[in-house]
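Colleague: I am new to this model and would be grateful for a close look at one part of it, followed by an account of other parts.

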Amino acid sequence: MADATETDFDRRLNLKPPVRLTVEGLRVIYRTRRGPFQAVDGISFEVEPGTVLGLVGESGCGKSTVVKALMRLLPDGTRIEGRVLLDGQDLLAMDKRALRRVRWNKVALITQSAMNALDPVIRVGDQIVESIRAHEAVDRATAWRRAETLFRLVGLPAHRLNEFPHQFSGGMRQRAVIAMALSLNAGLLLADEPTTALDPIMQDQIMSRIRGIQELLHRSMILVTHDIGLVAENCDMVAVMYAGQIIEKGPVAEVLVKPRHPYTIGLHNAFPRMPEEGEARPPLISIAGGLPNLLNPPPGCRFAPRCPFATERCRVETPPLRELEPGHSAACHYAERAEDFRRLGLLPETWAVKEAAA
Ligand SMILES: Nc1ncnc2c1ncn2[C@@H]1O[C@H](COP(=O)(O)OP(=O)(O)OP(=O)(O)O)[C@@H](O)[C@H]1O
Ligand code: SF4
Ligand SMILES: [Mg+2]
């Protein structure tokens, strides 16, 4: 990379501009034997070109379902409603041919199970070259040069393109998968728990590598994670999901410093920041209970059964997502009392009361 001018580098990678993603009223209903299961319930958000949105929430809240809906990779029979606009083009309204053209060219996916994304019997370099040539009219030598550039970008020596996946360690395979995902230079990267399968040191290395690449190539990105710490370090904006809905969203600096929704406050406590010097380590408090059954969602606020601040009103009246400060919205009837909630939320007994009641 050091020998390449920026123009050579851009040309070699065939860089396209970052994408603006606008999601409006996205609803995903899985067909199950027990009836319709509303995994995503009318969510809206935006990813500005060249920025990173963190999509955060506990296991089962619908994060991967959102990602799959954005790629239209959901099982047959699943109902999808709403609009997914990539630079104004609605992905959900496209026929299969148009979708094929747009999908990998505009959106790339790095998944939780990235290890399975490589074919064990084909050399890694050939897989990347094949993927490029399946979507772009370039000769093999050009595609190979791009693969070399991508390997250097993810921190792998170019000569290892000649090897098979089993000759790579877990961390190297994950890097190779990232190189593969980047190979078509999609303007939007979807990274679904990209480091979950790795040990903590490797997680840090891979995550900072992904972030470095996103900044260098100026891509738009959604980082899906249950770890609010990763969001704090890597994202510009954040959307917090609970039981298929976005319950709080806004700039990371706002939402994570001054969360307005009790669930975000609780999530924060489950991943406490490192203490400042001389400061006591904040207690690790988890939110008792689990997600409601979405085969038959409860009326009112879906967080009410676990919320220490719930009132009768919360159990009957659904709180809308309201903008409280420019760009910062939360879906809580009592978001104006957030300062009290944040103070009380730091006390283990606040959440313990709920635990005893559950
Ligand atoms: N194909 C499917 N059919 C029916 N239900 C599904 C299907 N896929 C996922 N679900 C359900 O939808 C809900 C959301 O799942 P999803 O995988 O989107 O959650 P997630 O937030 O990505 O969780 P995790 O953090 O564990 O990856 C879960 O209750 C899950 O069991
Ligand atoms: S609306 Fe009520 S139950 Fe829901 S988060 Fe706010 S206080 Fe808690
Ligand atoms: Mg998931």
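How many residues surround ligand 2, and which are the closest?

Modeller: This is a predicted model, in which local features need pLDDT of at least 70 and side-chain atom pairs count only at pLDDT 80 or more, whereas totals for chains, interfaces and linings use all residues. Residues are numbered from 1 along each chain as its sequence is written, while chains are lettered from A and ligands numbered from 1 in the order in which they are written.

Ligand 2 is surrounded by 13 residues, the closest being Cys301, Cys307, Ala310, Cys314 and Cys332 (C-beta atom, placed from the backbone, within 6 Å of the ligand). This shell comprises 11 nonpolar, 2 polar and no charged residues (Ala, Val, Leu, Ile, Met, Phe, Trp, Tyr, Cys and Pro are nonpolar; Asp, Glu, Lys and Arg charged; the others, Gly among them, polar).

Elsewhere, helix H4 (residues 124-135) and H6 have axes that come within 9 Å and cross at roughly 20 degrees (helices are DSSP runs of H or I, at least four residues, numbered from the N terminus; axes are lines fitted to C-alpha atoms over the stretch in contact, with angles from 0 to 180 degrees between N-to-C directions). H4 is therefore roughly parallel to H6, a term for angles under 35 degrees. Val124, Gln127, Ile128 and Ser131 of H4 meet Ala176, Ala179 and Met180 of H6 (C-beta atoms, placed from the backbone, within 7 Å). That contact has 5 nonpolar, 2 polar and no charged residues.

Key. Helix = DSSP H or I, 4+ residues; strand = E, 2+ residues; numbered from the N terminus. Parallel < 35°, antiparallel > 145°, perpendicular 65-115°, else oblique. Contact = placed C-beta atoms within 7 Å.
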